[in-house]
Amino acid sequence: MQLHLCLVSAVSAACPPSGFDTTVTGFDITQYASARWFTQQQMEVTYLPKDQNHCVYADYTVKDKKSTLGYDVGVHNHAEEASGKVHEADICAKIVDGAAGKLEVAPCFLPTALSGPYWIVSYDESEGYALVSGGPPTKDGTDGCKTGSGVNGSGLWIFTRKQERDEALVEKVRGIAKDLGFDLSVLNDVDQSKCGMVVV
């Protein structure tokens, strides 16, 4: 009996969770890219330190045709420090499985072979939210599974269409992430107030 319980515990703790996948069907990248996404919570990774968790947003632009290196989407990322200092980066995305919301992203000058997974795990345009992960959460976390914290295969984000935080909506998306097996302890709040300051 003890051995059986140990085996069940080991299986239940496996990462990624059994059957893990995106929950979106018929994903429309054009609709997804039609307006700005504001980050309400995000995981700290190498390229997203916690001191830049202010006024974070992303703009997506679907290209008329693939770039020379095979990218389909341009992504403009914006983040600020508490002082108002701005950090911006432009990257590119390749559609891997459009209907399932599976992309890969990288700096636009890199070949797509070096891009990393970027999955829209859950998305509802009418409610104005998206749960995005750097692919499947393959690592054991404190209370669930998590992605890596480096560059590729890393990150977890809660996006909303509205910049002003809707606590009920954020909690709903957190619940979706929890049900999918994500470790929520990796998520840090993003301050979307007092945005637009200019540092000279």
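**Arg174.** I started at Arg174, which sits in helix H3, residues 167-179; helices here are DSSP runs of H or I with at least four residues, strands are runs of E with at least two, and both are numbered from the N terminus. Buried or exposed, I wondered about Arg174? Arg174 is buried, at a relative accessible area of 19%; the cut-offs are under 20% for buried, over 50% for exposed and partly exposed in between, with a 1.4 Å probe and protein chains only. I then listed what Arg174 touches, skipping residues up to four places away in sequence: Gln41, Ile158, Leu184 and Leu187. Contact means heavy atoms within 4.5 Å.

**Ground rules.** I'm working on a predicted model, where local features need pLDDT of at least 70, side-chain atom pairs count only at pLDDT 80 or more, and totals for chains, interfaces and linings use all residues. Residues are numbered from 1 along each chain as its sequence is written, and side-chain values use heavy atoms, with hydrogens and water left out.

**Ala89.** Next I went to strand S4, residues 86-97, which holds Ala89. Ala89 is partly exposed, with a relative accessible area of 35%. Leaving out residues up to four places away in sequence, I find Ala89 touching Val75, His76 and Asn77. I also checked His78, eleven residues from Ala89 along the chain: their C-alpha atoms are 6.8 Å apart.

**Core.** Which residues have the most contacts inside the largest nonpolar core? I noted Tyr32, Tyr60, Tyr118, Ile120, Leu131 and Phe159, in a core of 40 residues. Such a core is a set of buried Ala, Val, Leu, Ile, Met, Phe, Trp, Tyr and Cys residues joined through side-chain atoms within 4.5 Å. I followed up Tyr32: beyond its neighbours within four places in sequence, its contacts include Tyr60, Tyr118, Ile120 and Phe159, and also Trp37 and Arg161.

**Whole chain.** I counted three helices and eleven strands in the protein chain, running α-α-β-β-β-β-β-β-β-β-β-β-α-β along the sequence. The radius of gyration is 17 Å, close to the 16 Å from the globule rule for 200 residues, so the chain is as compact as a globular protein of that length. That radius is taken over C-alpha atoms, and the rule is 2.2 Å times the number of residues to the power 0.38. The C-alpha box, along the principal axes, is roughly 65 × 40 × 30 Å. Buried residues account for 45% of the 200. Of the contacts between residues at least 6 apart in sequence, 61% join residues at least 24 apart.
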